[in-house]
Every structure is written in structure tokens, then in C-alpha cells.
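Here is a short briefing on one protein chain. Keep the sequence and the 3D view side by side as you read.

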Amino acid sequence: MAADPQPDWLSCLPSSWSYGVTRDGRIFFINEEAKSTTWLHPVTGEAVITGHRKTPDLPTGWEEGYTFEGARCFIK
């Protein structure tokens, strides 16, 4: 299944906001006017969760994920 080319969280960003993606896949938001960043969506106030991902440096059977607040966690 292909990824949505314009997910809901992207289409509702205010005009002065953009987003970025860290090397490990986390979405963050950039306020161009205030020159600041946040893990939380400027409209919903929630972190964008893209799902779990496996990383080569984790022990077998473990995955990395993020809470709704944007905190990194590990799942076995």
C-alpha cells in the first residue's frame, strides 16, 4: 500500500508552519515566524506518530516507537 501523498496532519498546517523529518523518522514542526520547532502539531497539539520501526542497533525482537507526546520508547 502506498503512503498518503498528503496526510491530514500536513494539509491542516497553518501557513507559517512547515515540517521536517529526523534521521530516525520522527516528524517535527517548524514555526517560520517564531523561528522555533516543536514535536507537537501546531493545530492538534499532538505528536505525529508514523508507526514503529526496526533499527539495526536494537536487540533482536525490539522495535522503536514514540508515545503520543513524542517521547521515544522501545517495544518488545
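The protein has 1 helix and 5 strands. Here helices (H or I, at least four residues) and strands (E, at least two) are DSSP runs, numbered from the N terminus. Starting at the N terminus, the order of the elements is α-β-β-β-β-β.

This is a predicted model, in which local features need pLDDT of at least 70, side-chain atom pairs count only at pLDDT 80 or more, and totals for chains, interfaces and linings use all residues. Residues are numbered from 1 along each chain as its sequence is written, and side-chain values use heavy atoms, with hydrogens and water left out.

**Overall picture**

- The protein has 76 residues, and 25% of them are buried. Buried means under 20% relative accessible area, exposed means over 50%, and partly exposed is in between (1.4 Å probe, protein chains only).
- The accessible surface of the protein is about 5600 Å². Carbon and sulfur atoms hold 55% of that surface. Such areas come from the Shrake-Rupley method with a 1.4 Å probe, and for residues only the protein chains shown count as cover.
- Take the contacts in the protein with a separation of 6 or more: 17% of them join residues 24 or more positions apart. A contact means heavy atoms within 4.5 Å.

**The WW record**

- UniProt lists residues 11-44 as "domain: WW", in an unreviewed entry. The positions are given in the numbering used here, feature names are shortened, and annotations may be inferred rather than shown by experiment.
- Residues 11-44 are 3% helix and 38% strand.

**The nonpolar core**

- Which residues form the largest nonpolar core? The 6 residues are W9, L13, W17, I27, F29 and V48.
- A nonpolar core is a set of buried Ala, Val, Leu, Ile, Met, Phe, Trp, Tyr and Cys residues joined through side-chain atoms within 4.5 Å.
- V48 is in contact with W9, I27, F29 and W39, leaving aside its neighbours within four places in sequence.

**Around W39**

- The whole structure holds 1 aromatic pair. The ring centres of F28 and W39 are 6.2 Å apart and their planes are at 80°, so this pair is edge-to-face. F28 is in strand β2 (residues 27-31), while W39 is in the loop between β3 (36-38) and β4 (63-66). The two are 11 residues apart, and the pair links distant parts of the chain.
- The rule covers rings of Phe, Tyr and Trp (its six-membered ring): they pair if their centres lie within 6.5 Å, and planes under 30 degrees apart count as stacked, over 60 as edge-to-face and the rest as tilted.
- R26 lies over the face of W39, 3.5 Å from the ring centre. A charge sits over a ring if NZ of Lys or CZ of Arg is within 6 Å of the ring centre and within 35 degrees of the ring normal.
- W39 has 35% relative accessibility, so it counts as partly exposed.

- N31 is in strand β2. Its relative accessible area is 13%, so N31 is buried. Beyond four places in sequence, N31 is in contact with S16, W17 and S36.
- T38 lies in strand β3. It is partly exposed because its relative accessible area is 25%. Not counting residues up to four places away in sequence, T38 touches W17, F28 and F29.

**Loop residues**

- Is H41 buried or exposed? H41 is buried, with a relative accessible area of 2%. Its place is in the loop between β3 and β4. H41 touches W9, C12, L13, F29 and E46, not counting residues up to four places away in sequence. H41 and W9 are 32 residues apart along the chain, yet their C-alpha atoms are separated by 7.6 Å.
- W62 is also in the loop between β3 and β4. It is partly exposed, at 33% relative accessibility. W62 touches F74, I75 and K76, not counting residues up to four places away in sequence. W62 and K76 are 14 residues apart in sequence, and 4.5 Å apart from C-alpha to C-alpha.
- K35 is in the loop between β2 and β3. K35 is not a glycine, but it has a positive phi of about 55°. At 71% relative accessibility, K35 counts as exposed.
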